[in-house]
Amino acid sequence: MALIQISEPGQTTAPHQHRLAAGIDLGTTNSLVATVRSGVAETLPDDTGRHLLPSVVRYLEQGEALVGEAAQVQAADDPLNTVVSVKRFMGRGVEDVKRLGVSLPYEFVAGESGMPLIRTAAGDRSPVQVSADILATLKRRAEQTLGGDLTGVVITVPAYFDDAQRQATKDAGTLAGLKVLRLLNEPTAAAVAYGLDRSADGIIAVYDLGVGTFDISILRLNQGVFEVMATAGDTALGGDDMDHLIAGWIMVQAGLDERIDHGLQRRLLQAACAAKEALTGQEATDIRVELSAGQPWQGVLSRGQMDELIEPLIKKTLAPCRRALRDAGVSVNDIHEVIMVGGSTRVPRVRTLIGGFFQRPPLVDIDPDRVVAIGAAIQADILAGNKPEDDMLLLDVIPLSLGIETMGGLSEKIVPRNTTIPVARAQEFTTFKDGQTAMALHVVQGERELVEDCRSLARFELRDIPPMAAGAAHIRVTYQVDADGLLSVTAEEQTSGAQAHIEVKPSYGLTDTEIETMLRASMDHAQDDMQARRLREQQVEADRVLEALQAALQQDAGQFLDADERQAIDQAAEALETARAGDDYREIKTAVERLEAASAVYVERRMNANIQKAMTGHAVDEFK
Amino acid sequence: MSSLLTQNYFQLFSLPEQYRLERAELDDRYRELQRNVHPDRFASAGDRVRRLSVQQAAHINEAYETLKDPLRRGRYLLTLRGQTMGDQQATHQDPEFLMQQMTLREALGEVREQADPLAELDRLAREVRAQYQALEAGLADALDERQDAEAALTFALRMQYFTRLQNEVQELEANMEDELL
């Protein structure tokens, strides 16, 4: 309940309590967790001082999971049970994973709803579960460092992530026992980290070159409101490709041909990566590679040579940059700041070329590996309610068009890409047979004309349509995309007002039942612990709801509620207090829901009044 | 107190119900409204409140998208005044206008054959933009001063033709720029 959040700053009677919140950058190669402490956002290290957690999970036979460094060091010895780059499989189907083209050591099997499962020694694991294991490790790290439970987290996702990928990320959070306050686009998080919301208004470009992905976003900042104007990118372009180019150069120099074993290939890539890193600080570097036992190769690579090698790759990122500018309807001259994100932007040539393209030196002060997590932490701190006076607002857009399948396998766009979310669009359908009571719909996401070229999001079946003559029923289907970019669908028959029943079958997601089953499975070994934890969570929730409600009622109950309405709320509040004193978390939960239902009218009136108040002084008359 | 969701878009933004508007004012009001209703303001709220907030934020976004686009704003205002744009008007365009459209389209089709294709495309883009702005001025005059719905419909319809043309110019621009890389 957010009553407290819509009261005027400084008017709440409740003492302010700092809530523990964190930002999580769930990356393809590395993940990080950050939090705001004493007003400063910082990433949190593990007990050995490392901030980056390799996004690697190794499953052991006893069902145990090793996450991070521990899993990574043994990846070569146990490739079948070691999952790397799981982010690439999030929200993907078995067929998509095959099409990714990367050769993967582990075996995929099809899950219940088309989701690929990875066969490991600990059993079959979905990408969502693997990600949940990474998130749980970061959660533990944060809770141990901060000395308390996290109220909520913000998890970042690439701006181009589609609905299925976002949903999968959120599900992973839920599975890890986190309350996901918001999925935040990575570029937006970077802009927040630089505190650009505090600076002058303007248009910002965020250039994110990671290990394996590239992403460019154009944001507009206006009076503390961030809008993502456009995003573009390439999901198969990154620092890894630089390593391959440099490794290729070494092979030519060393007179090697294509037929080299995996071990040497890995050594070459390691040497290439090390050379690339060395050349960020120096003009030339020595390279040594053991070609075979006792046969070393040695050479020198200058920065100029490397620049020449990787230049085509950097230039390849310019096409998406132009596209994003065009989609945003701005030109290079309109850009006020350029932010560098991702480890690969440490390469000096990247900075000069991109700075040249945007005609200004890019911002590089914050560690490009950590900047996204830091921004997420700042946003989490605000969303958790720790800064009630902060009116920063992040408005995002939907990265890919939402469409519906029409006759002939074509996609008809309902919500075009780069539309600001939340958004709701309605469409009317009619029946084509007398007495028809059901209808099937297929929602897809993507820019292509043909449905088969787009990503299948979900199939819906409209049932319980009242039987009428063909063409007489008018079914209004509303597609709503929330602030996280997640889709939900409702349908109503217009003439009779009957709610058509909708059954959603996510194409590659988890059904609610699947999540429930997984949650239960993960809880089995810690049943009592979980019970106690749930009870504590619900008690905290109950206290917050009651506290906020009392503060609000004291302020303006008389203004918005008549005696009956007030009585209903008071009764529900009393019931909650009784439940709060007991030890059944389900009862508390139900009582919270009942109180929310009872006070819904009150909340809505307050919300409307608040809007009216914000808009007064703008009476239409003043312009006449 | 009228609910947010039932107000027309002009009322919602406290703007006079007319075609001409101050874009800066619209933008300011939009942000002010979103600051009050956006789901991020209710991140730890219950489901019911969050649903309400998403619904309202979506409505405000839709209203903003409509009012900020010259053509959509014109159509919306015409709808408020009981006029809808049907397809029958499409056939009632005068030959001169259709001729101009054909000439522009032909020029666009031949851009790649010009000595300096990008310069030629630039010239066309400028012309299309200028024509669009002239139509917009006409629409504003027809709606706000002359109160001539018939004329307004014609202007709006022509703007539609030019919007399509503008999209094609942009698409060609995009393709040509990508090819240059």
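This is a predicted model: local features need pLDDT of at least 70, side-chain atom pairs count only at pLDDT 80 or more; totals for chains, interfaces and linings use all residues.
Figure 1. Strand β1 (residues 21–26) of chain A runs parallel to β11(A), and five bridges join the two. Here helices (H or I, at least four residues) and strands (E, at least two) are DSSP runs numbered from the N terminus, and two strands pair if DSSP finds at least two bridges between them. Residues are numbered from 1 along each chain as its sequence is written, and chains are lettered from A and ligands numbered from 1 in the order in which they are written.

**Figure 2. Both sides of β11(A) are buried.** Strand β11 (residues 152–157) is mostly covered, with six of its six residues buried (under 20% relative accessible area; 1.4 Å probe, protein chains only). In a regular strand the side chains alternate between the two faces of the sheet. A:Gly152, A:Val154 and A:Thr156 point one way from β11(A), and A:Val153, A:Ile155 and A:Val157 point the other way.

**Figure 3. A right-handed β-α-β unit in chain A.** The unit consists of β11(A), helix α4 (residues 163–175) and β12(A). Right-handed means that, with the strands pointing away from the viewer, the path from the first strand over the helix to the second runs clockwise.

**Figure 4. Helix α5 of chain A and the residue that follows.** Helix α5 (residues 186–193) is mostly covered: eight of its eight residues are buried, among them A:Glu186, A:Pro187 and A:Thr188. Just after α5(A), A:Gly195 has a positive phi of about 65°.

Figure 5. Chain B is divided into domain 1 (2–68) and domain 2 (89–180), with bounds from an automatic or database domain assignment. The C-alpha centres of the two domains lie 31 Å apart. Helix α3 (residues 47–68) of chain B has 22 residues and should span 32 Å at 1.5 Å a residue; its end C-alpha atoms are 31 Å apart, which agrees. The expected span is 1.5 Å times one less than the number of residues. Of the 22 residues of α3(B), 16 are buried, so the helix is largely enclosed by the rest of the structure.

Notes. Side-chain values use heavy atoms; hydrogens and water are left out. Buried means under 20% relative accessible area, exposed over 50%, partly exposed in between (1.4 Å probe, protein chains only).
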